[in-house]
Amino acid sequence: MSNRGEIKWAPFESLFQVKDVLSELELNRQKEIKPVLSEDELQMIEATLLEAFHTKSYVLVRYYYQGLYYQKKGIVENISQKQIFFQDHSSLYFEQILHVSFV
């Protein structure tokens, strides 16, 4: 009977694990497959990024990362063969980018 305290609270410890599992399931449910961009869309993205780089204008970049869509707003600081770099020292790979527009 000295074990009664541990047994009494055992079901409540599992509630925390259920909460973690449910949040992970919800995140996985929201994930989508990356869309395939056409050649025209890729050229439009490239032209917009080059213009934004030369004019130092703000752009809004919509990108895909691990099944989810995100947006980033900033000024393009540098462009390499595989990445673009922003003034806030963040970067994105070209393969992640879905859409670019001026703000």
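The secondary structure of the chain comes to 2 helices and 5 strands, where helices (H or I, at least four residues) and strands (E, at least two) are DSSP runs numbered from the N terminus. Read from that end, the elements follow the order α-α-β-β-β-β-β. This is a predicted model, in which local features need pLDDT of at least 70 and side-chain atom pairs count only at pLDDT 80 or more, whereas totals for chains, interfaces and linings use all residues. Residues are numbered from 1 along each chain as its sequence is written, and side-chain values use heavy atoms, with hydrogens and water left out.

**The chain as a whole**

- Of the 103 residues of the chain, 21% count as buried, a word that stands for under 20% relative accessible area, while exposed stands for over 50% and partly exposed for values in between (1.4 Å probe, protein chains only).
- Among contacts between residues at least 6 apart in sequence, 53% join residues at least 24 apart, and contact here means heavy atoms within 4.5 Å.

**The sheet**

- Strands of a sheet pair through backbone hydrogen bonds, either parallel or antiparallel.
- In this chain, an open sheet of 5 strands has the order 4-3-2-1-5 with antiparallel pairing, two strands being counted as a pair if DSSP finds at least two bridges between them.
- Strand 4 (91-93) and strand 5 (97-102) each have a single partner strand and stand at the edges, so one side of each is left without a neighbour in the sheet.
- Neighbouring strands of this sheet are turned by 40 degrees against each other on average, direction ignored.
- Helix 2 packs on the sheet, where it touches strand 1 (58-65), strand 2 (68-79), strand 3 and strand 5, and its direction makes about 45 degrees with that of strand 5; axes are lines fitted to C-alpha atoms, for helices over the stretch in contact, and angles run from 0 to 180 degrees between N-to-C directions.

**Strand 4 and leucine 92**

- Strand 3 (residues 83-86) and strand 4 run antiparallel and are joined by 3 bridges, and the bridge partner of phenylalanine 85 in strand 4 is serine 91.
- Leucine 92, which is found in strand 4, is buried, with a relative accessible area of 5%.
- Leaving aside its neighbours within four places in sequence, leucine 92 is in contact with Val61, Tyr63, Lys82, Gln83, Ile84 and Phe86.

**Two residues with positive phi**

- Most residues other than glycine have a negative phi.
- Lysine 56, in the loop between helix 2 and strand 1, has a positive phi near 55 degrees and counts as partly exposed at 40% relative accessibility.
- Glutamine 66, in the loop between strand 1 and strand 2, has a positive phi near 50 degrees and counts as exposed at 56% relative accessibility.

**The largest pocket**

- The largest pocket has a volume of about 230 Å³.
- On a 1 Å grid over the protein atoms alone, a pocket is an open set of points where a 1.4 Å probe fits, with protein on both sides within 12 Å along at least five of seven lines, and lining residues have an atom within 4 Å of a point.
- Its lining consists of Lys34, Pro35, Val36, Leu37, Leu42, Ile45, Glu46, Phe94, Glu95 and Ile97, and helix 2 (residues 39-55) gives the largest share, 3 residues.
- The residues of this lining divide into 7 nonpolar, no polar and 3 charged.

Technical notes: Points joined across faces, edges and corners; volume = space filled by probe spheres on them. Nonpolar A, V, L, I, M, F, W, Y, C, P; charged D, E, K, R; others polar.
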